[in-house]
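I opened a notebook for this model and listed what to look up. The entries follow in the order I worked.

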Amino acid sequence: MARVLVGVKRVIDYAVKIRVKPDKSGVVTDGVKHAMNPFDEIAIEEAVRMKEKKLASEIIAVSCGPAQAQETIRTALAMGADRGIHVEVAGAEYDTLQPIHVSKILAKLAQDEKADIVIVGKQAIDDDANQTAQMTAAVLDWPAGTFCSKVEHGSGELTITREVDGGLEVIKVKTPAVLSADLRLNEPRYATLPNIMKAKKKPIKKVSPKDLGVDTAPRIDIISVEDPPVRQAGSILPDVDALVAKLKEGGHI
């Protein structure tokens, strides 16, 4: 049976209105509600379903971030993961933590934990990078199945249905492999109160990137974070002539 490693990221909750810091160095995170990245919830759910079908023996949830990232790991444990690994990254180091760093961390943990499958969400809703699965597969030199909307298990291989711009693509990959979860892969369960209580007793191991031999020196400088431009209010015009005049006035025609 497979051992599954799942990456779970702590992000600002999808329902929160994002505010840019006055100095434009980033977004306001203090006192703001955070939650598990929704695509990572789907990744955890898929791993739990594998375990329920006796296709997986153990699920390990990994999160990189400050102390509060443990809350995200506890959510994963309450959903059905067996144990957690918290890679402690805080302060300025966390502000410039990129997919390249996270990929090296996940790859090293996949090797150390002898994982057969690594699953992550296809992208995080904060940076929208959509890079971690691809880079993790590259670091490990494992096959990648990205944007999964269906995963079927065979003997030593997986049949993946991928969401692509033109529709669906079906591929086969040999295990070990790295997968990224798309929106339609499954509907994540809610953690029940008994499972939330049980999750408090499940182990979470703390490590640092240094312990894993990963250099988290920033590869980028954040120059400025800007609010999107405010959309101008529309107006209703009486007829086509008025529309043409308005378009000419705005220099559109």
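These entries cover the sheet, the helices packed on it, the salt bridges and the cysteines.

**Entry: the model.** I am working with a predicted model. I kept that in mind for every value below.

Entry: Nine strands make up an open sheet, and I read their order as 9-8-7-10-6-1-4-5-11. The pairing is mixed. Which strands stand at the edges? They are strand 9 (167–174) and strand 11. Each has a single partner strand, so one side of each has no neighbour in the sheet. From one strand to the next, the twist averages 35°.

I then looked at one pair inside that order. Strand 7 and strand 10 run in the parallel sense, paired over three bridges. Opposite C148 I found A181, in strand 10.

**Entry: helices on the sheet.** Helix 2 (residues 69–79) packs on the sheet and touches strand 4, strand 5 and strand 11. Its direction makes about 165° with that of strand 5. Helix 5 lies across strand 6, strand 7 and strand 10. Against strand 10, helix 5 runs at about 180°.

**Entry: the buried side of helix 5.** Which residues of helix 5 are buried? I noted A133, T136, A137 and L140. They span an arc of only 100° around the axis, so they sit on the same side of helix 5. The spacing made me recall a rule. An α-helix has 3.6 residues a turn, so residues three or four places apart point the same way. Next I asked what covers the buried residues of helix 5. The cover includes helix 4 (99–112), strand 6, strand 7 (144–153) and strand 10. I also checked the backbone just after helix 5, where D141 takes a positive phi of about 60°.

**Entry: salt bridges.** My search of the whole structure returned 18 salt bridges. I followed three of them.

First pair: E226 with K24. Their closest N and O atoms are 3.2 Å apart. The two residues are 202 residues apart and link distant parts of the chain. E226 is in the loop between strand 11 (204–207) and helix 7 (240–249). K24 is in the loop between strand 2 (10–12) and strand 3 (34–36). K24 has 38% relative accessibility, so I logged K24 as partly exposed.

Next pair: R83 with E58. Their side chains meet at 2.6 Å, N to O. R83 lies in strand 5 (residues 83–88) and E58 in strand 4 (residues 56–65), so the bridge ties together parts 25 residues apart in sequence. E58 has a relative accessible area of 16%, so E58 counts as buried. I then traced a network of salt bridges that links R3, E58, R83, E113 and K205.

Last pair: D182 with K122. The closest N and O atoms are 3.5 Å apart. D182 lies in the loop between strand 10 (177–181) and helix 6 (193–199), and K122 in the loop between strand 6 (117–121) and helix 5 (132–140), so this pair ties together parts 60 residues apart in sequence. Are these two buried or exposed? D182 is buried, and K122 is buried too.

**Entry: cysteines.** How many disulfides does a search of the whole structure find? It finds zero. I looked up two cysteines anyway. C64 is at 11% relative accessibility, so C64 counts as buried. C148 is at 1%, so C148 counts as buried as well.

Note on methods. Residues are numbered from 1 along each chain as its sequence is written. This is a predicted model: local features need pLDDT of at least 70, side-chain atom pairs count only at pLDDT 80 or more; totals for chains, interfaces and linings use all residues. Side-chain values use heavy atoms; hydrogens and water are left out. A salt bridge is a side-chain nitrogen of Lys or Arg within 4 Å of a carboxyl oxygen of Asp or Glu. Helices (H or I, at least four residues) and strands (E, at least two) are DSSP runs, numbered from the N terminus. Buried means under 20% relative accessible area, exposed over 50%, partly exposed in between (1.4 Å probe, protein chains only). The arc is that of the directions from the helix axis to the C-beta atoms. Contact means heavy atoms within 4.5 Å. A disulfide is a pair of cysteine sulfur atoms within 2.5 Å. Two strands pair if DSSP finds at least two bridges between them. Axes are lines fitted to C-alpha atoms, for helices over the stretch in contact, and angles run from 0 to 180 degrees between N-to-C directions.
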